[in-house]
Each structure stands twice: as C-alpha cells, then as structure tokens.
Amino acid sequence: MFLALPGFLLGFGLSSTPLIATPQSQHFVDPLPLQSGASLRDYSLSFETYGTLNAERSNAVLVCHALNASHHVAGSYAGQANSEGWWGNMIGPGKPVDTNRFFVIGVNNLGSCFGSTGPMHANPDAPTGSGKVYGADFPVVTVEDWVNAQARLLDVLGIKTLAAIMGGSLGGMQALSWTLQYPDRVRYAVVVASAPNLTAENIAFNEVARRAIVTDPDFHGGHFYEHGTVPKRGLRIARMIGHITYLSDDVMNEKFGRQLRDAVVAQAGELAPPGSAAHAVPSVGAYKYTTQDVEFQIESYLRYQGDKFAEYFDANTYLLITRALDYFDPASAYGGDLSKALAKATCKFLLVSFTTDWRFSPKRSREIVKALLDNQRDVSYAEIDAPHGHDAFLLDDPRYMGVVRSYFDSIAQGVSA
Amino acid sequence: MTDLNTMHALAQLVPPGSRVLDLGCGDGAMLAHLQQTRGCTGYGVEIDDANVLACVKRGVNVIQFNLDEGLALFGDASFDVVLQIDTLQHLRNAEVMLRETVRVGRVGIVAFPNFAHWPNRLSILKGRMPVTKRLPYQWYDTPNIRVGTHADLAALAARNGLQVQDSFGLQGGHMVRVMPNLRAGTSVYKLTLPR
C-alpha cells in the first residue's frame with residue numbers, strides 16, 4: 001500500500017494537469033496529386049500535437065477524424081472554457097492513449113472547414129486578385145488523398161514510422177487505408193466503429209443529406225460565399241438525418257421517448273386546472289394540435305443539433321466528406337475481395353465495434369477481421385455491447401476504454417523496448 | 001477453470017511452432033503459455049468482456065464473438081491446431097462445433113469434464129448431482145449445458161465421421177490411459193477429419 005501510494009499520486013497528478021492544445025498550420029507548395037486525377041497546390045494542413053516525440057521518434061500516434069471533427073483531438077485551448085478536443089476522453093495525460101507516453105498528432109483533413117485548405121479558401125487557380133474561393137470547385141478528395149496528405153505532414157514532422165494509426169468511423173477508414181498505402185510506416189492500427197466500405201443504405205443516407213444541402217436556395221451551386229448566404233436549412237436537415245443514424249432506437253427512446261417539450265407540458269398544465277381530466281392525462285392534454293411546431297422532445301433535440309451544426313459547418317465540406325465516405329472501398333481494386341486487398345497490411349490491428357451501431361455495424365468490422373485472419377495478421381477484436389449506437393465510439397464505456405488502454409499499454413512496451 | 005497442470009499437459013499436445021486457434025480461450029493463459037514456451041502463434045475466441053480485456057493485457061490476439069454463431073470467420077484448415085478446452089460443455093451447438101473444430105484445424109484438441117468420473121457416479125448413486133472441484137456448480141446454476149462422458153465423445157466423434165487420433169483422461173494433470181472413463185475428471189480427444 002505504501003509503495004503503491006506515490007505511484008497513484010503521481011498518476012493522479014499527471015492526469016489532472018490540464019493539457020493545453022495549440023493549433024499549428026503547415027503550408028505545402030508542391031501539388032498533391034489526387035485520386036480523381038486533379039491536384040491541389042498551395043494548400044495548408046491544420047494540426048495539433050500532444051506529448052513529446054521521443055529521441056527515437058518511435059512513439060507517434062496519428063489520430064484521424066470523422067465527418068464533423070477536426071485536428072483538435074485532445075486537450076483544451078488556453079483560456080477557453082468548454083474547448084476540449086473531440087476525443088478528449090480517450091486521449092490525454094493518463095487517458096487510454098496516454099500523452100505522457102505517446103506523441104499524438106491530430107490533422108484536419110483537406111476539404112474540411114476547421115483550418116486546413118477547404119472550399120471556403122482562396123482558389124489559387126482563380127484569376128489573380130479576384131479573391132475567388134474554391135466553393136464547388138474544390139476538388140473531390142478521397143480517404144486515400146487524405147492519407148497521402150497526412151503522410152506529407154509526417155515527413156515534415158520527421159516521423160518515418162507511426163507507433164499507431166487510430167480512428168473511428170470515417171477516421172477508422174483512414175486508419176485502415178494507412179495500413180494499405182504506407183504499410184512500412186505503421187506498427188499498429190486501431191480501427192473503431194468502422195467499415196471496409198459503405199453499404200447502399202449508408203450511401204442513401206449521405207445522398208439525402210446532400211440533396212437537402214444542394215436543393216437549399218441559399219446553396220447557389222456551391223458558390224454561396226460570393227452571394228453572402230449560407231445554406232443553413234440544408235445543413236440543418238443533413239445534420240438531423242445524421243443524428244438519427246448515430247443513435248440506436250433504444251437510446252433514442254430512453255432519452256426522449258414520447259416526451260413532450262417542457263414548455264408545451266407547462267402550457268397545457270396552465271390551461272388545465274389541477275384535478276381536471278386534462279391534467280390527469282397530460283399526454284393528451286399537452287398536444288398542441290399543430291403540424292409545424294416542435295412538440296416532441298426528439299424534434300426539439302434534432303432541431304437544436306441542426307441549428308448548432310449549421311452555425312459552424314460548411315455545406316461544401318459536408319458534400320465532400322460524405323462523398324469520400326461513399327467512395328472508400330479498398331477491395332474494389334481486387335474484384336471486391338477484401339482479403340486480397342488487406343494482404344498489403346502488415347501491422348498489428350485492434351478493431352472495436354458496438355453491438356447497437358447500425359450505421360457501422362459489428363458485421364462490417366468482422367469483415368475486416370476476417371480479411372486480416374485470412375492473411376494471418378495479428379488482430380484483436382472487441383465487440384462492445386453498448387446501447388448508444390454509432391455514437392458509442394465517442395463515449396465513455398469502461399470495457400471499450402479498458403481494451404484500448406491495454407492495447408496502447410502493449411504498444412508502449414514495444415516503443416520503449 | 002482449467003488448472004495449471006491440466007493446461008501444461010494439454011500444451012504438450014500442441015506441436016512447437018503451431019498456428020493455434022483457442023476456442024473459448026478464457027483469459028488467454030493457454031495461448032500466452034504456447035507462445036512463450038512453444039513458439040506458437042494464433043488467436044483466442046472469447047465472448048466475455050473481462051476475458052477479452054485480460055487477453056489484450058497479455059498481448060494475446062483475441063476475437064470477441066459468441067461461438068454459438070459458428071466459425072464462419074475462419075477458413076478450412078487455416079490452423080494447425082484448434083483447441084476447445086472446457087468449452088464444448090457450454091455450447092448449444094456442441095455437435096456442429098465439434099465438426100467445425102476439425103474443419104478449421106488440421107487437428108482438433110477437445111478437453112471437457114468427464115461426467116463418468118467415479119466420484120460423479122458415486123454421487124449419482126447416492127441420488128444427488130455431483131458437486132466436485134472439477135464440476136463445482138449446483139445442478140440449478142451450472143453453465144455446463146452439455147453433460148457428457150469420455151465414452152460419449154467417442155460415440156459423437158464416430159457419428160460425425162471424425163477420426164480419433166488419440167484419447168485419454170487427465171486427472172491431477174496426469175495422463176490416465178487405463179479406464180479413463182472411470183478414473184479421469186477430464187476427458188481429452190485429439191480429432192481430425194478422416195484422411
């Protein structure tokens with residue numbers, strides 16, 4: 001007990017030290033050839049790093065982001081309340097991916113709207129002095145293109161080999177792609193709640209979201225910046241659809257059920273005096289008998305999420321990122337044979353899925369596991385029985401966190417050995 | 001569940017350097033032992049969260065799924081040895097899994113509690129279900145949904161056209177070759193597909 005105490009205090013001390021995140025930017029002059037045949041020149045990547053790169057440069061972990069996240073993976077911005085990185089529960093001092101041991105890098109992908117070059121930035125191919133931004137002319141980027149861009153950033157940072165590549169959802173696709181595009185630069189891959197490609201249903205959801213944006217009169221064919229408009233209506237609906245698919249039916253029912261908004265209930269309560277029949281049956285008495293007002297809590301929640309999203313997210317970015325999701329399919333070059341496609345991957349893998357995730361279901365993760373087994377690769381797979389649907393990959397679940405923590409413990413042993 | 005002596009005795013059956021699949025691998029102790037002492041590689045299959053975590057902690061490859069779903073993840077003869085140690089008795093589809101074990105592995109090694117071990121017989125003679133070190137559960141809370149004997153497995157193997165390369169009992173970590181059905185708490189079979 002006496003011996004264990006100082007260690008505990010040390011650990012506690014380290015994990016309670018706030019991690020300060022500092023965004024950085026790296027400019028690239030050389031054109032980046034894209035899968036489409038087009039290229040991007042004069043572009044920048046926003047990134048953040050946490051922890052210290054060791055002398056051997058062997059402890060780097062690159063974290064890939066999904067649809068609406070960014071390079072701000074962990075820590076908080078100095079003096080900014082509620083500015084914790086999107087995977088702050090997973091990555092930081094004393095966290096499962098411990099920044100006291102690993103040098104963690106978050107990169108914002110090209111086409112995104114959080115700092116790296118995207119559709120809202122000046123198009124270098126536009127006439128000089130026109131100040132015209134890319135808008136809809138931003139080239140379509142793929143998961144493979146993002147990985148190539150990330151690799152260039154690692155070159156600049158002087159990192160030849162990653163201890164681990166890690167990502168969830170679309171980030172997991174990038175992690176998987178890393179193991180195929182740069183197999184010698186990755187020692188471990190952690191792929192969470194991901195898939196080897198999107199199902200038709202998934203592409204369908206993306207298409208509905210894209211149509212909502214594109215058909216918004218404020219979209220102006222993607223050149224809304226010069227019109228001084230933002231296609232917020234489209235973005236809101238896109239986000240609402242997304243949110244429905246990130247949750248499970250059970251969690252949505254548990255969280256919202258058929259609850260009516262507090263305001264509506266209160267109003268009905270005022271109308272119906274206590275003891276009256278209407279008061280005794282609030283579920284009937286509280287209906288407003290409207291078709292366009294927000295009455296149910298779930299409606300309120302979705303509208304709130306949509307409104308919030310439309311304030312900060314770029315419409316063209318949404319189109320680009322969902323398209324990158326649609327296109328990702330490493331098996332397609334091998335006649336749909338994922339086992340053949342993954343023959344290139346030589347690193348060790350951890351895959352995690354969540355039983356109630358219907359957008360990136362366990363079945364899809366198992367396809368990756370099977371392909372890795374067919375190639376006799378080192379792979380572990382945890383199927384977490386969590387109720388939260390796809391969102392579970394961002395939430396605290398002790399089983400999930402425990403497995404990732406232990407996996408990174410073993411990665412750390414390899415780093416120091 | 002499986003004691004250290006039994007584990008070491010079973011490990012002797014696995015040729016050095018084998019590619020091993022351990023069905024119901026528990027905390028991964030057997031695979032870790034095979035990796036460290038016999039240069040084996042491979043994977044464990046587990047359903048229990050705590051066991052999956054224990055395997056990851058040991059650095060043993062583990063795949064989490066319910067064995068009652070079958071072994072579709074694994075190709076024919078993709079392993080030198082498939083272990084099923086104290087697993088068969090928990091499976092609903094025990095017969096299918098026995099066949100699957102020798103489909104996926106060139107050799108299947110199955111170990112399970114022998115219900116015909118004499119203390120169990122004695123208990124039954126007295127009119128009560130046995131509760132022993134090997135079968136520590138009461139009849140109403142046992143996870144062992146398949147209760148069979150050393151002799152029963154021979155019949156099941158024959159019924160499925162499987163070849164018994166070897167079979168014996170284990171008692172206190174020692175091999176029992178004389179009257180194993182009576183004298184051993186654990187039954188062991190080494191099975192293959194017919195050649």
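Across the interface of chain A and chain B in this predicted model, eight residue pairs are in polar contact, both partners having pLDDT 80 or more. Three elements of chain A, namely α13 (362-374), β12 (379-384) and α14 (398-416), each supply at least two residues of the side that touches chain B. The largest share of that side, six residues, comes from β12(A). Sorted by class, the side of chain A facing its partner has eight nonpolar, four polar and seven charged residues.

R399(A) forms a salt bridge with D49(B), and their closest N and O atoms are 3.5 Å apart.

Here is the interface in brief.

| Interface item | Value |
|---|---|
| Residues from chain A | 19 residues |
| Residues from chain B | 17 residues |
| Area buried between chain A and chain B | about 1,600 Å² |
| Part of that area on carbon and sulfur atoms | 54% |

Now to the packing. In soluble globular proteins, nonpolar side chains tend to be buried together. The largest nonpolar core here has 90 residues, and those with the most contacts inside it are W178(A), F349(A) and F74(B). Another core lies apart from it, with 66 residues, including V73(A), A74(A), F102(A) and V20(B).

What does F349(A) touch, leaving aside residues up to four places away in sequence? Its partners are L176(A), T179(A), A189(A), V191(A), L372(A), D378(A), V379(A), S380(A) and Y407(A).

Definitions and conventions:
Residues are numbered from 1 along each chain as its sequence is written. Chains are lettered from A and ligands numbered from 1 in the order in which they are written. This is a predicted model: local features need pLDDT of at least 70, side-chain atom pairs count only at pLDDT 80 or more; totals for chains, interfaces and linings use all residues. Side-chain values use heavy atoms; hydrogens and water are left out. A nonpolar core is a set of buried Ala, Val, Leu, Ile, Met, Phe, Trp, Tyr and Cys residues joined through side-chain atoms within 4.5 Å. Buried means under 20% relative accessible area, exposed over 50%, partly exposed in between (1.4 Å probe, protein chains only). Contact means heavy atoms within 4.5 Å. Buried area is the accessible area (1.4 Å probe) that two parts lose on being put together, summed over both. A salt bridge is a side-chain nitrogen of Lys or Arg within 4 Å of a carboxyl oxygen of Asp or Glu. A polar contact is a pair of N or O atoms within 3.5 Å; within protein, one must be able to donate a hydrogen and the other to accept it, and residues adjacent in sequence count only if both atoms are side-chain atoms. Helices (H or I, at least four residues) and strands (E, at least two) are DSSP runs, numbered from the N terminus. Ala, Val, Leu, Ile, Met, Phe, Trp, Tyr, Cys and Pro count as nonpolar, Asp, Glu, Lys and Arg as charged, and the others, Gly among them, as polar.
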